[in-house]
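Thanks for coming. I have one chain to go through today, so let me put it up.

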Amino acid sequence: MHWTPPRGRACAVRVAWLLNARKAKLDDSVKVKCTRCSSTFRDRAGRLRDGYSRECPNCNVLIFFDSESSDASVRKALTEARRVRNLLSS
Ligand SMILES: [Zn+2]
């Protein structure tokens, strides 16, 4: 009467594993706010360090990541990247 499919439990474990894998993948990226168009995108924490530069995918402006930048969002992204790198290495 109260028969449950034997595969139900295995399926739930698999879903949990997929969610964890997805979370781990997200944890390694940092949100960056473009200095020109204010759109946000994500970049790998391993690449985001002092002296790094990349183009905004929205307006193609080149953003320079400098810890002494006058732009608060650039400094914030660098701080966040450092935090994520510390978390991943520990
Ligand atoms: Zn932009």
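This is a predicted model: local features need pLDDT of at least 70, side-chain atom pairs count only at pLDDT 80 or more; totals for chains, interfaces and linings use all residues.

Residues are numbered from 1 along each chain as its sequence is written.

The chain has two helices and four strands. Read from the N terminus, the order is α-β-β-β-β-α. Helices (H or I, at least four residues) and strands (E, at least two) are DSSP runs, numbered from the N terminus.

Now the hairpin. β1 and β2 run antiparallel and are joined by five bridges; strands count as paired if DSSP finds at least two bridges between them. One of these pairs is Val 32 with Phe 41 in β2. Six residues separate the two strands of the hairpin, and Ser 38 in the turn has a positive phi of about 65°.

Next, the core. Of the 90 residues, 12% count as buried. Buried means 20 or more other C-beta atoms within 10 Å of the residue's own, exposed means 12 or fewer, and partly exposed is in between, with C-beta atoms placed from the backbone. The largest nonpolar core has 11 residues, among them Val 30, Val 32, Ile 63, Phe 65 and Val 74. β1 and α2 are the elements that give two or more residues to this core, and α2 gives the most, with four. A nonpolar core here is a set of buried Ala, Val, Leu, Ile, Met, Phe, Trp, Tyr and Cys residues joined through C-beta atoms within 7 Å.

Contacts use C-beta atoms placed from the backbone, lying within 7 Å. Setting aside neighbours within four places in sequence, Phe 65 contacts residues including Leu 48, Tyr 52, Val 74 and Leu 78.

Last, two loop residues. Is Ser 67 buried or exposed? Ser 67 is exposed, because there are 12 other C-beta atoms within 10 Å. Ser 67 sits in the loop between β4 (62–64) and α2 (72–89). Beyond four places in sequence, Ser 67 touches Asp 50, Arg 75 and Leu 78.

Thr 35 is in the loop between β1 (29–33) and β2 (40–44). Thr 35 has 18 C-beta neighbours inside 10 Å and therefore counts as partly exposed. Outside four places in sequence, Thr 35 touches Ile 63, Asp 71, Ser 73 and Val 74. The C-alpha atoms of Thr 35 and Val 61 are separated by 8.4 Å, with the two residues 26 apart along the chain.

Key
Two residues are in contact if their C-beta atoms, placed from the backbone, lie within 7 Å.
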